[in-house]
Amino acid sequence: MRPGEHRRRDPTPNDVLRALLEETRWTQESFARAIAKVAAEAGVRVGYDRTSVAHWLRGSRPSPRVQSYIAEALSRRLGRPVPVTGLGMGDGLSGGPGRRRSADGDTENRTGNADRMRQLPGLRGQLRTEARPADQLAALTAAVVGPPRADPPPPAPYRLALGLPVGATASARTDATGDIPSAAGTAHTAGTTSTASAASSASSATRIGTGTRTGSTPDTAHAPNEPGIGDVPTETAEPLRPRPPRAHFPSLPRGGRPARRTTPDEVASVREHARFFAQQADRHGGGHIRTPLAACLAGLVRRLRTGGEGPYHPQLVAGAARLSYLLGRVYADEQRHGLAQRAFGTAAELAAEGHDPEAVALVHRALSSQAHQLGHPRQSLVLAESACETAPADAAPSTRSFLYAGLAVAQAAEGERTRATAALSRAEHELARAPADLTTGPESPDGGEPVGAYQDAALHYQAGQVRAALGDRAGAVRELHASLRSRPAGERRSRALSEAELAELLLAAGRLEEACAAWQGFLEDSALVRSGRARRARDRMPRLLRPYAHEPCVQGLLTRTGLLPKGPGAE
């Protein structure tokens, strides 16, 4: 027994967990694989198998962190929320002060990480928390910038049911012109039906797109549940809307002292920081900017907590939303998707408080991109449609292009060829109307950064994703080549991710020498960035090239990089 480990002499069998497992109809091995998948989405590798599950059923308990992954895996399979406290393992996040070591050897800090885990935010109304956005930002940034070292917050599971707006289902569709019908329909829950408010229906007349009349009643339908994926519970389906302007910017904050008036210089500073960090993320990757970005946000927390007044304070809150959005991008780039999801949720709350519906739409678009990367196409489509629904009618053409491109990717992933092609054409049309932005570089390839300008390089990249999903491999290769031609050399992270995807497409098409050339460019660019996505692309290279290890171009490529497989069993 390890020091500090607590072991019960006669553990009580966990009948609650056994009943849940029987309800899922999973084998113990399948259960372990599902837990590993959820943990991987949070950037954590676990090595559980059927024997681990058997130990839990007999009464042992994994660490609180792993319990959160177990709860999420069961929630997805059963189609309803399964809380950690409903696993029959006790309250894994509560306890006295100090540290303890759980039965599986994981160490947790009860008073630090566990408390912060309870405070990590989601979209407004979708997590039962009383924490204000400023407090949520503090939870997301304290561990990054606080003593004794610059560490990220503890890993959190990516919650599949988190972030879906009311009335948004995969059955919401676009017509042949790419116009998007209203999502002000009904949202099915576990045995409950929730109807969107009249305000949501009224606002549908101001969404992106044409061909919908004010006051018209859209047809609504509901997509069937995917295996293991349920509808959003009623209490988690509150839509994001701007809050009343005065209720959230009181003139007398905590302590009774008069609020200080927010100045235009403060707003300008926040906007410049957002632009700077956005550029650095595309050039050097999220790993280089995580700590300074978190420090910048931590400095805004006190300002947001004390409140402010005057016409510029909502703009300051909206600027904080953009920075929180960038923090989510950084976590997503580092493959810490649970934390990224919560940072995006905080950004949506701040954007609503700052009366910035365009930013709310962009957050939904980012969540859609994240779900797409994690292999959840139905959720990606729901969020992409919601992003287009939420955007105001006066959104800039580049923003409209950004949203329609995301919609096209999500529709293509679901096999909706006609609608995906129409949405992509609409994105191209909108971008052609956008004025040139000479102050920033092109967008990142994953389309994750709305702070700068959305330009040709990103649209070509996403057009490549659409064509690849629809089976047009040659068209996808052409689009990626066009994206790289449009991409400045300084955008190294963006170039590296595009080159890696191009190399894999070329290899699948049997164009080995061209694939090796693309990978060579990828290795040169990725050597200068800190990006979890780039690291994963690099790790895939030996496995993909192993069948061609006897080819000179492959041997030269892998030998120079130290990635040459050592044998048949090498990774």
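Is Cys516 buried or exposed? I looked this up in a predicted model. Cys516 has 6% relative accessibility, so I noted Cys516 as buried.

A disulfide is a covalent bond between the sulfur atoms of two cysteines. I then checked the sulfur of Cys516. The closest cysteine sulfur belongs to Cys553 and is 3.5 Å away. That is too far for a bond, because a disulfide needs the sulfur atoms within 2.5 Å. Cys388 has 0% relative accessibility, so I put Cys388 down as buried.

**Cys296**

I located Cys296 in helix 9, which covers residues 290-306. Which residues does Cys296 touch, leaving out those up to four places away in sequence? I listed His273, Phe277 and Leu323. I also checked Cys296 against Ser324. They are 28 residues apart in sequence. Their C-alpha atoms are 10.0 Å apart in space.

**Helix 20**

I moved on to helix 20, residues 532-545. Helix 20 has 14 residues. From first C-alpha to last, helix 20 reaches 21 Å, close to the expected 20 Å. What caps the N-terminal end of helix 20? I found Ser531 there, with a side-chain oxygen 3.4 Å from the backbone nitrogen of Arg533. Arg533 is itself buried. Last, I looked up what the buried residues of helix 20 pack against. My list has helix 10, helix 12, helix 16, helix 18, helix 19 and helix 21.

Conventions. Residues numbered from 1 in each chain as written. Predicted model: local features only at pLDDT ≥ 70, side-chain atom pairs only at ≥ 80, totals over all residues. Heavy atoms only, no water. Helix = DSSP H or I, 4+ residues; strand = E, 2+ residues; numbered from the N terminus. Expected span 1.5 Å × (residues − 1). Buried < 20%, exposed > 50% of the residue type's maximum accessible area, 1.4 Å probe, protein only. Contact = heavy atoms within 4.5 Å. Polar contact = N/O pair within 3.5 Å; in protein donor to acceptor, adjacent residues only side chain to side chain.
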